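Colleague: I'm new to this one and would like to learn how to read it. Could you walk me through it?

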Amino acid sequence: MNKLNRRDFIKNTTIATASVTTIASGISLTTFAAKSKESAPVTNEKRWGMLINVNKLTESSIDDMIDACQEENGWGSEVHSRAEQKPDWIKKVKVKDKATGKIDVLPMLCQHCEQPPCVDVCPTNASMKREDGIVLVDRHLCIGCRYCMMACPYGSRSFVHENLDNQKTHMPRGKGTVESCTLCVHRVDKGEIPACVEAVGGDGVIFGDLYDANSKINQTLKKIQSTQIRSDLNLNTGVRYSGI
Amino acid sequence: MKHLLTIFLIAISVSMSVQIHADNRIPNLGDKANKCKDDECKEVHKLPNISRTQSLVIQRKMHPEFLLHKRDRTLRQGVRGGRASLAKCVNCHTSVDKNGEYIPVNAPQQFCSTCHKQVGTSMDCFSCHRTTPAEDM
């Protein structure tokens, strides 16, 4: 029998241990490096916005927008909530000029402010603004304090009051968290337009990149007079209105 | 002495593989995962440069980290696609009942709850996330 002396034994064991360590560290390295076909993070080179031409919208087309939003994001079928508790991601608002009696009906949704008050007041950083200007609620962090609902000048946030099931895969929603219009972020990331914009069609609602000089929204905003609701608050909203 | 060393190393590797297989105590993988036979399906959890079995062990141990990391990148940075996806987990690991309806993946005796009940940890994923595959998947 070929005798192995003490020195050789130590040498062999060291080599074996070293190789095991190398492989093991390789495992953790490749684990964290493993990612396939991920899209790049969004940047502030874009700012998504929406231009709503109130003159081109009728009450029924606003109802179509609401239906499309409900269908796309799966809200509106809450059974245990009272009327004032039900979610309103987008709603129909009537404004009346007291002097002339002129009535405008407009869709009201999250205005995706550049300086969002909901983000300022959030104690857990759940209310957040993406680099491309879309304001969202991170439900993983939301504790349901509803400060953001108080802070929002547009009343566009809702609180989920009941247990839900059968949510849409792309739009998780649950009891105890606040929610609002996401500008259909799951569609925008795929290069599509929000469901409400698609539902109206034509020039009634234009969606696009406010910063892109070639985009339709940018060119239209340069040409026509538009307004931001509560522009006195200097929030620089992403959703603009014309015809009011 | 050299034989002794060989036997020692073999014993270590055998005990490691036994440990790997002893970890395999998931009774309900879900219908689609149970029927999985083709290579593409078997490679779902495969990590580069590691064997399929070892990849599965890592997947079992580290799935919360994978999902946690991905959820922040998706929600806050808009990173879509990639390996980790809760929707993909649900898609393969749900079962169908006698009436042909999907059973929620977090229901008792289903994929998520078997292990989570055993180790006494509660999941909060499915108070918001969908528990069955989407209709169009």
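Colleague: Let me start with a helix: which are the buried residues of H2(A)?

Modeller: First, some ground rules. This is a predicted model, where local features need pLDDT of at least 70, side-chain atom pairs count only at pLDDT 80 or more, and totals for chains, interfaces and linings use all residues. Residues are numbered from 1 along each chain as its sequence is written, while chains are lettered from A and ligands numbered from 1 in the order in which they are written. Helices (H or I, at least four residues) and strands (E, at least two) are DSSP runs, numbered from the N terminus. We call a residue buried if 20 or more other C-beta atoms lie within 10 Å of its own, exposed if 12 or fewer, and partly exposed in between, with C-beta atoms placed from the backbone. In H2(A), the buried ones are A:Ile62, A:Met65, A:Cys69, A:Glu72 and A:Asn73. They sit on the same side of H2(A), because they cover an arc of only 90° around the axis (the arc is that of the directions from the helix axis to the C-beta atoms).

Colleague: And which exposed residues does the face turned away from the buried side carry?

Modeller: Those are A:Glu59 and A:Ser60.

Colleague: What covers the buried residues of H2(A)?

Modeller: The cover includes strand E2 (90-96), strand E3 (103-109) and helix H6 (195-200) of chain A. Contact here means C-beta atoms, placed from the backbone, within 7 Å.

Colleague: How should I read a core?

Modeller: In soluble globular proteins, nonpolar side chains tend to be buried together. A nonpolar core is a set of buried Ala, Val, Leu, Ile, Met, Phe, Trp, Tyr and Cys residues joined through C-beta atoms within 7 Å. The largest one here has 43 residues, and A:Met50, A:Ile90, A:Cys196 and A:Val205 have the most contacts inside it. A second, separate core of nine residues includes B:Leu86 and B:Phe111.

Colleague: What is the strand order in the open sheet of three strands?

Modeller: Strands of a sheet pair through backbone hydrogen bonds, either parallel or antiparallel. Two strands count as paired if DSSP finds at least two bridges between them. The order in chain A is E8-E1-E9, with mixed pairing. Its edge strands are E8 and E9 of chain A, each pairing on one side only. E1(A) and E9(A) run parallel over four bridges, and A:Asn53 has A:Ser242 of E9(A) as its bridge partner.

Notes. Two residues are in contact if their C-beta atoms, placed from the backbone, lie within 7 Å.
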